[in-house]
Amino acid sequence: MWKTKTIASFISSHHVYLSSTTTRRYSRIAPPQPAVIRVTNNISHLGPPKTGPLPRQLMSLPPFPGHPLPCKNGVNGDDGHVTAISWVKYYFEEVHDKTIQSHFTKGLVEMEKEDGVRAMRKVKHNEVMRVGDRLWLPVSVAESRISKRFDTIPSGTLYPNADEIAYLQRLVRFKDSAIIVLNKPPKLPVKGHVPIHNSMDVLAAAALSYGNDEGPRLVHRLDRETSGLLVMGRTKESIDHLHSVFSDFKGRNSRCKAWNKACEAMYQKYWALVIGSPKDKEGVISAPLSKVLLDEGKTDRVVLAQGSCFEASQEAITEYRVLGPMINGCSWLELRPITSRKHQLRVHCAEALGTPIVGDYKYGWFIHKRWKQMPQVDIEPTTGKPYKLRRPEGLDIQKGSVLSKVPLLHLHCREMVLPNIAKFLHVMNQHETDPLRPGITSKPDLLRFVASMPSHMKISWNIMSSYLV
C-alpha cells in the first residue's frame, strides 16, 4: 500500500518533467533500429544505417522460337542446336561478346522452363535451348549497349567543325606535293588519344588533305606546351623519307650524293628562355637520358642517366648558345638538338645546365619556387646604363609571359632546314638514263623555314630582349 502511494506521488510530482522531455519507448516486439555514427565535414552525427544494395533487376528474353538462327559463320552449330549464349548474342547484336560471356561466367543468367514448373535456375553458356525456354539476364547487359553512346568517342571518329578547320589552315607556312609545314601553337596536342579529340593529327587528317585521299601524317613530335615548326608528310613515300631524316641516321643511306649532303645539312633550332645563365656561353651537352616510372607506372619522367650498365639509356646530344646577357635572372638560349629524344631539351636545360626553361614545372619546379619575378636593376652592356624592367602600359600580362604569375613554357622551334623531299622523290624515282624534267634541277636542295614566336614569348622578348640580336 505504501509502495503504491509512493510511486503515485513520485509520478505526480515528476509529471511536468516527464512531459517536457522526450522519452524513448522500448519494446521486445519491435526493437529500435540500430544507429550509426557518421562524420561529415569533421562533424559527427547519429543517423540510420545505409540501406543495402537493391535487388538485381532482371529482364527476360522472348521465349525461344525454335527456328534456326543465323550465326557468324552461317550455321547454328555442328548438330544444328542453338546454345544459350548464341541466343543471347543473337538478341543483343550490339553488345560485345566478352560482356555476354562474363555474365555467363559469373552465373548471372538464369533459365525458366515452360514445363509447368516455373522455377528458375542458373544456366551455362553451352546449354542447348528448347522451344519455349526463357532466359533472364540482368539489365546491365542492355545498359552496356546504351552506355556506348555516352562513352568518350575515339579521336579518329570525330570530325572537326568549320572553325577548327579554318584555324588549322591558317597555321600552314609551306605546302607542296610532299610535305606540309605548320607553326604549331602552344597547348595544342600533337598526337591524340581517347580523351583528346582536337589533336593535330586528327585535325590535319580532315582539314589539310587538299584533295588527297588521306590527310597528312606526323613524322616527328612536339610537346603539348611547345610551339613552333611541325612537319607532316602527305604521301607514303614522303613519310618514309621524312622518318629517316628525323631519325638519328639522318637518312644518309642513299646512293644519291646530293640527298646525303642535304640530309647532313638538316637541322632544327629552338629558342628558349631559361632561369639563370649557363657558365659557358656556348657548348655541347652530351648527357644520356633514361626513363623512370612514377605512380606505379601511371606516369613517366625522363632523367639523366647515371652511367650504370644496368640502366637502360639513350644517347642525347644538344648544342646550345647564349643569345644575350641575363636580365631579371633569365637569359635566352638557342638550342640545336643533334638527337631526337623525349623531353631532351627540357632535361638538358634543367639538369645538365642547371637552368630550367621558364614555364617548365615538370623539370624545374624547385627553381620556379625560388625565382622572384620582380623588377631588378641590371647594367645594359650596349650603353652601360642601368636597365630597369618595367611593365609597359596597356600590356596584357595574363597571357603566360614572364610577368604573369604562372608563365607558359618558353620553348619554341624557331628555325628548320630540311631536304627538298618533293625534288628528291623525282630524282630518285627516275632511271639514270632518263633526263630530268625541266624545272626539277632548278629547285633548291634544301628548304629553310622560320616560325614566329607565340604571343606569350613575344611579350617576354619585347620586355627583356629588345636590344638582342
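This dialogue examines how several labels applied to a predicted model follow from its computed values.

Trainee: Why is Val358 called buried?

Mentor: The relative accessible area of Val358 is 0%, and the label applies under 20%. Val358 is therefore buried.

Trainee: Where is Val358 placed, and with which residues is Val358 in contact, leaving aside neighbours within four places in sequence?

Mentor: Val358 lies in the loop between α10 (344-352) and α11 (365-370). Its contacts include Leu273, Val274 and Ile275, and also Val402, Pro407, Leu408 and Leu409. Each of these pairs has heavy atoms within 4.5 Å, because that is what contact means here.

Trainee: What makes strands β11 and β19 a pair?

Mentor: Pairing requires at least two bridges. Strand β11 (residues 267-275) and β19 have six bridges, so they pair, in the antiparallel sense.

Trainee: What makes β19 a mostly covered strand?

Mentor: Strand β19 spans residues 411-419, and eight of its nine residues are buried.

Trainee: Why are β3 and β5 called the edges of their sheet?

Mentor: The open sheet has four strands in the order β3-β6-β4-β5, with antiparallel pairing. β3 (58-60) and β5 (120-122) each have a single partner strand, so one side of each has no neighbour in the sheet. Neighbouring strands of this sheet are turned by 30° against each other on average, direction ignored. Within the sheet, three bridges join β4 (residues 110-112) to β6 (residues 134-138), and Glu110 stands opposite Trp136.

Trainee: What is the average pLDDT of the chain, and what share of the residues score at least 70?

Mentor: The chain averages a pLDDT of 75, and 65% of the residues score at least 70. Over residues 14-30 the pLDDT is below 50, and this stretch has two contacts beyond near neighbours in sequence. Residues 146-157 also have a pLDDT below 50, with twelve such contacts. Where pLDDT is low, predicted coordinates should not be read in detail.

How values were computed: Residues numbered from 1 in each chain as written. Predicted model: local features only at pLDDT ≥ 70, side-chain atom pairs only at ≥ 80, totals over all residues. Heavy atoms only, no water. Helix = DSSP H or I, 4+ residues; strand = E, 2+ residues; numbered from the N terminus. Buried < 20%, exposed > 50% of the residue type's maximum accessible area, 1.4 Å probe, protein only. pLDDT = per-residue confidence, 0-100. Axes fitted to C-alpha atoms, helices over the stretch in contact; angles between N-to-C directions.
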